[in-house]
Amino acid sequence: MAGQTFIDSLPNELLEKIFGIGARLPMQVDQRYPNRPLFSKTPYVPLFPTSISQVCIRWRETALHMPILWSYLHLSRTLDSHRRLRKNLGRSLDWVPNYLARSGDMPLYITLDTTRLPAAEVITRLSPYSNRWRSFTLLVSHVGNLPDVLPFLISPRVPRLQTLSIASDIYREGIICYEPLIPFLVNTTQLSTIRLTGVYIAWNELPLRNVLNLELLLTSRWPIFPQLSEMFSASPMLQRLVVRDDINTILRHVQQPSSRPTIDLTRLKHLEIEVYRVRDEKAGVAELMQLFTMPALETLTLRGLRQREWAAVTQVYYLPLDDIPFTDLILVTTFHHYSDIGLLTFLPLYKSDFSLRNMDN
């Protein structure tokens with residue numbers, strides 16, 4: 001056919017796979033965070049299903065027969081619309097009923113930008129569908145906004161929720177939350193992954209319990225040691241822990257007792273630590289690791305360490321020290337386990353396979 005392009009010849013099955021990948025693409029964020037705002041300065045991206053359904057009749061028909069496309073709800077608006085419309089949600093969210101209808105009974109993957117939309121009204125509109133929430137991402141300006149938002153997340157029942165993410169647009173060491181943080185999303189029987197970026201929540205309250213994967217990114221205000229121990233005890237099946245932060249600030253808040261008790265992470269398989277530097281000082285990565293006993297650890301990933309910081313880790317964990325170029329490095333260690341592993345306090349291994357990857361490769 002004259003004028004037919006290559007993409008016109010793609011079978012519907014392949015086109016559906018491409019559309020599915022597009023729907024799952026993560027939101028744009030600034031990789032320079034926290035030196036730049038995380039999301040407010042990135043260009044507003046139109047809704048993916050709406051965009052592809054306006055290309056041609058075939059694409060529209062394909063999209064309309066894919067409920068999964070319409071189950072990704074990114075609730076935001078342009079800065080200009082936010083300034084003009086403010087609390088007028090009719091024009092800002094008139095697309096939501098169509099998306100909900102076209103998604104059928106598929107699980108919902110929701111991102112709510114509370115810097116552009118009022119949280120109370122939006123959550124009220126979505127609450128009747130809360131039994132379908134599979135993933136919920138909450139975007140706030142900074143951690144101090146959470147007390148105004150979290151009360152609206154107490155009543156929704158979310159029995160299918162598996163992933164919860166909360167991220168602040170702005171992170172500074174001095175920005176803290178002065179009001180009490182409350183438990184929320186109390187009915188989360190399937191919640192397995194929590195990701196906090198630039199914020200912290202009530203450490204020993206729901207939903208921070210029974211998680212398998214925990215990512216703490218720039219959440220320096222950890223609780224003191226007894227409360228931290230209680231928090232991890234509430235998630236006995238935790239398998240993956242990611243920490244990207246100012247390590248020394250964490251340690252100052254935790255205040256491990258002089259007797260050096262440890263917190264048992266008996267099921268932890270993957271530990272990832274990335275050093276974020278507020279000050280030019282030695283990061284206590286080894287001290288952070290020594291807060292925990294990790295007998296099942298399989299992989300250890302360390303990013304941003306300096307040589308003396310890695311040397312301190314090797315003194316505790318018997319890992320190789322020599323011939324390591326310390327420039328933007330990523331260290332990945334895979335541990336071998338043995339039947340008498342329980343005899344080891346800090347070191348969950350007798351030997352290790354060690355590999356080094358440079359971030360540029």
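Modeller: Rings of Phe, Tyr and Trp, the last by its six-membered ring, pair if their centres lie within 6.5 Å. The model discussed here is predicted.

Biologist: By this rule, to what count do the aromatic pairs come?
Modeller: A pair of aromatic rings is described by the distance of the centres and the angle of the planes. With the centres within 6.5 Å as the rule, the count of aromatic pairs comes to 6.

Biologist: Are the rings of Y72 and Y109 stacked or edge-to-face?
Modeller: The ring centres of Y72 and Y109 are 4.5 Å apart, and their planes lie at 10 degrees. Y72 belongs to strand β1 and Y109 to strand β2, 37 residues apart, and the pair thus links distant parts of the chain. Planes under 30 degrees apart count as stacked, so the pair of Y72 and Y109 is stacked.

Biologist: Are W133 and F136, whose rings also pair, buried or exposed?
Modeller: The rings of W133 and F136 are stacked, with centres 5.0 Å apart and planes at 5 degrees. The relative accessibility of W133 is 0%, and F136 is likewise at 0%. Buried means under 20%, so W133 and F136 both count as buried.

Biologist: How many salt bridges does a search of the whole structure find?
Modeller: Among them is the bridge between R195 and E215, with the closest N and O atoms 3.0 Å apart. This pair links strand β5, which holds R195, with strand β6, which holds E215. The search of the whole structure gives a count of salt bridges of 10.

Biologist: Which residue forms a salt bridge with E309?
Modeller: E309 lies in helix α12, and its partner lies in the loop between β9 and α11, 32 residues apart. The N to O distance is 2.7 Å, and the partner is R277.

How values were computed
Residues numbered from 1 in each chain as written. Predicted model: local features only at pLDDT ≥ 70, side-chain atom pairs only at ≥ 80, totals over all residues. Heavy atoms only, no water. Salt bridge = Lys/Arg side-chain N within 4 Å of Asp/Glu carboxyl O. Helix = DSSP H or I, 4+ residues; strand = E, 2+ residues; numbered from the N terminus. Phe/Tyr/Trp six-rings, centres within 6.5 Å; stacked < 30°, edge-to-face > 60°. Buried < 20%, exposed > 50% of the residue type's maximum accessible area, 1.4 Å probe, protein only.
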